[in-house]
Amino acid sequence: MSKRDELIAKYASDLKDKCGVKPDMDLLTKVTIGCGPSIYNADAATVSSSDESELATVKKNFLIKKLGLKDSSDLDKAIDSVMETYGKSNRNKYRAVVYYLLTKHFKKESVY
């Protein structure tokens, strides 16, 4: 099992256990691959829900650039909603899981 496969299994487990979501493994794999090498870097692999600049980066680089959404307050609400679903007290919020949940939220699976 490759390192990426191990991480995808970990992300699927987080989706099931922490978010109560049954993951679409095909989409989760594509989102994980889309994150690139950042998934192997401990700091870059997670999203801090308390760091405003990090949430702004998720909004700008993922929601606007990658998913092609227009900047609006809906994007901030979606990020808040995803962080709430993942559990604000949960320290390790994996970037791939956050991106997966946002992709599902906006029904943008076609991007992948």
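Is Y94 buried or exposed in this predicted model? Y94 is buried, with a relative accessible area of 15%; buried means under 20% relative accessible area, exposed means over 50%, and partly exposed is in between, using a 1.4 Å probe and protein chains only. Residues are numbered from 1 along each chain as its sequence is written. Because this is a predicted model, local features need pLDDT of at least 70 and side-chain atom pairs count only at pLDDT 80 or more, while totals for chains, interfaces and linings use all residues, and side-chain values use heavy atoms, with hydrogens and water left out.

**The big picture**

- The protein has five helices and zero strands, where helices (H or I, at least four residues) and strands (E, at least two) are DSSP runs numbered from the N terminus.
- Walk along the sequence and you get the pattern α-α-α-α-α.
- The radius of gyration is 13 Å, close to the 13 Å that the globule rule gives for 112 residues, so the protein is as compact as a globular protein of that length. That radius is taken over C-alpha atoms, and the globule rule is 2.2 Å times the number of residues to the power 0.38.
- Taken along the principal axes, the C-alpha atoms fill a box of roughly 40 × 30 × 25 Å.
- Of the 112 residues, 41% count as buried.
- Among contacts (heavy atoms within 4.5 Å) with a separation of 6 or more, 65% come from residues 24 or more positions apart.

**Helix α2 and its T32**

- D24 caps the N-terminal end of α2, with a side-chain oxygen 3.1 Å from the backbone nitrogen of D26.
- The buried residues in α2 are L27, L28, V31 and T32. They cover an arc of only 135° around the axis, which puts them on the same side of α2; the arc is that of the directions from the helix axis to the C-beta atoms.
- Here's a handy bit of background: an α-helix has 3.6 residues a turn, so residues three or four places apart point the same way.
- The cover over the buried residues of α2 includes α1 and α5.
- T32 sits in α2, which runs over residues 25-34, and T32 is buried at a relative accessible area of 1%.
- A polar atom of the T32 side chain lies 2.7 Å from the backbone oxygen of L28. For a polar contact, you need a pair of N or O atoms within 3.5 Å; within protein, one must be able to donate a hydrogen and the other to accept it, and residues adjacent in sequence count only if both atoms are side-chain atoms.
- Leaving out residues up to four places away in sequence, T32 touches R4, I8, Y11, I39 and A96.
- Just after α2 comes G36, which takes a positive phi of about 70°.

**Helix α4 and what covers it**

- At 1.5 Å a residue, the 14 residues of α4 (residues 73-86) should span 20 Å, and the end C-alpha atoms are 20 Å apart, which agrees. The expected span is 1.5 Å times one less than the number of residues.
- L75, A78, I79, V82, M83 and Y86 are the buried residues of α4. They cover an arc of only 135° around the axis, so they lie on the same side of α4.
- Covering the buried residues of α4 are elements including α1 (3-17), α3 (52-66) and α5 (95-105).
- L55 is found in α3 and is buried, with a relative accessible area of 10%.
- Not counting residues up to four places away in sequence, L55 touches V47, S48, S49, I79 and M83.

**Aromatic pairs**

- Rings of Phe, Tyr and Trp (its six-membered ring) pair if their centres lie within 6.5 Å; planes under 30 degrees apart count as stacked, over 60 as edge-to-face and the rest as tilted. By this rule the count comes to two aromatic pairs.
- The ring centres of Y11 and Y94 are 5.3 Å apart with planes at 50°, so this pair is tilted. Y11 lies in α1 and Y94 in the loop between α4 and α5, so the pair ties together parts 83 residues apart in sequence.
- Y11 is buried, with a relative accessible area of 1%.
- F62 and Y99 form a stacked pair, at 3.9 Å centre to centre and 10° between the planes. F62 lies in α3 and Y99 in α5, so the pair ties together parts 37 residues apart in sequence.
- F62 is buried at 3% relative accessible area, and Y99 counts as buried at 11%.
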